[in-house]
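Colleague: Please take a close look at the part of this model around the ligand. I would like one connected account of what surrounds it.

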Amino acid sequence: MRHAVDLSGRVAIVTGANSGIGRGIALVLAAAGARVVVNHRPNEDSARRGAEVVQEIVSAGGQAVAAPADISSEDDVEHLFRLASDHFQTVDILVNNAGIEQPAAIQDMTLAQWQKVIDTNLTGQFLCARAAARMFLSRSTPPPAGEAAGKIIFISSVHEVIPWAFQANYAASKGGVSLLMQSLAQELAPMKIRVNSVAPGAIRTPINAPAWNTPDSMKELLKLIPYGRIGEPEDVARAVAWLASDDSDYVTGTTLFVDGGMTLYPEFRGAG
Ligand code: NAD
């Protein structure tokens with residue numbers, strides 16, 4: 001497997017790294033030389049899967065540590081960044097990946113379903129970005145030319161621009177991430193902190209298994225993807241690795257869509 005970007009010596013926190021896209025990002029960043037903090041939810045199953053990701057990285061010769069934290073909790077996020085800096089001295093890269101879905105028709109959506117998604121996908125990403133900004137801004141020496149003082153990468157979704165019936169809470173959270181990311185990018189650029197998003201389309205992970213785990217659902221899904229295949233976690237991870245590297249040093253405030261063309265309105269091909 002080729003990994004062109006070099007993240008040697010960098011420390012990266014990846015939230016929700018015990019599963020799906022987060023796991024893929026943790027493995028690719030580690031393969032590029034980063035030391036990785038593998039965040040997982042503080043429950044037994046997530047801890048076991050987080051430990052497996054750490055083990056995979058260490059077995060391949062990399063460095064990683066597992067870090068339990070519910071990213072929607074202010075105290076847990078403080079603890080996560082403390083654990084990272086105690087273990088690896090600093091943090092250079094935050095990948096704000098953890099996210100959930102709780103679908104419901106709007107007339108049936110409970111406040112708890114609305115709140116849980118916003119708390120995780122938007123407030124959780126804010127809490128982690130704030131902690132990262134505080135850490136990056138506390139450095140006493142400016143970065144050398146061609147390097148940033150820190151990088152924040154949000155994992156958004158094509159649903160930051162595509163409306164999503166029965167997932168109003170999710171689409172609202174990702175739409176919020178879009179302007180959160182751009183506002184932070186504008187605010188932090190003078191301090192040499194780069195802030196960007198990666199917006200995946202349909203990626204083969206547990207969060208959207210019903211969309212791809214039967215031949216019929218896969219056939220329907222592929223109608224939405226001009227490139228003709230579902231995405232894999234590594235497709236997203238490679239884009240994240242580039243944004244986390246100094247190869248993208250002049251890139252900030254951008255959303256990179258990794259979606260096989262899903263945002264190109266494929267249903268309009270030959271119609272309209
Ligand atoms: P996933 O369910 O496999 O992974 C999500 C991870 O987030 C899990 O490890 C989960 O335990 C963790 N998590 C959830 N709430 C948390 C919390 N409060 N604190 C810490 N960790 C928490 O799903 P995935 O597809 O890998 O999703 C990762 C990100 O990618 C999400 O933000 C999701 O919205 C986004 N995304 C996924 C797709 C897709 O097609 N899979 C498409 C667009 C965007």
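Modeller: A polar contact here is a pair of N or O atoms within 3.5 Å. The model is a predicted one, and the distances below should be read with that in mind. With Asn-18 the side chain takes part, as one of its polar atoms lies 2.9 Å from a ligand oxygen. The protein buries 95% of the 820 Å² that the ligand exposes when taken alone. Two elements give two or more residues to the shell around the ligand: helix H1, residues 20-31, and helix H5, residues 168-188.

The ligand is surrounded by 28 residues in total. Ser-19, Ile-21, Asn-97, Tyr-170 and Thr-205 are the closest of them. Sorted by class, the shell holds 13 polar residues, 12 nonpolar residues and three charged ones.

Helix H5 also has a helix partner to describe. Its axis and that of helix H4, residues 111-137, come within 8 Å and cross at roughly 15°. Angles under 35 degrees count as roughly parallel, so H4 is roughly parallel to H5. The crossing of H4 and H5 is right-handed.

Notes:
Residues are numbered from 1 along each chain as its sequence is written. This is a predicted model: local features need pLDDT of at least 70, side-chain atom pairs count only at pLDDT 80 or more; totals for chains, interfaces and linings use all residues. Side-chain values use heavy atoms; hydrogens and water are left out. A residue is near a molecule or strand if one of its heavy atoms lies within 4 Å of it. A polar contact is a pair of N or O atoms within 3.5 Å; within protein, one must be able to donate a hydrogen and the other to accept it, and residues adjacent in sequence count only if both atoms are side-chain atoms. Accessible areas come from the Shrake-Rupley method with a 1.4 Å probe; for residues, only the protein chains shown count as cover. Helices (H or I, at least four residues) and strands (E, at least two) are DSSP runs, numbered from the N terminus. Ala, Val, Leu, Ile, Met, Phe, Trp, Tyr, Cys and Pro count as nonpolar, Asp, Glu, Lys and Arg as charged, and the others, Gly among them, as polar. Axes are lines fitted to C-alpha atoms, for helices over the stretch in contact, and angles run from 0 to 180 degrees between N-to-C directions. Angles under 35 degrees count as roughly parallel, over 145 as roughly antiparallel, 65 to 115 as roughly perpendicular and the rest as oblique. A crossing is left-handed if the near helix is turned anticlockwise from the far one by less than a right angle, and right-handed if clockwise.
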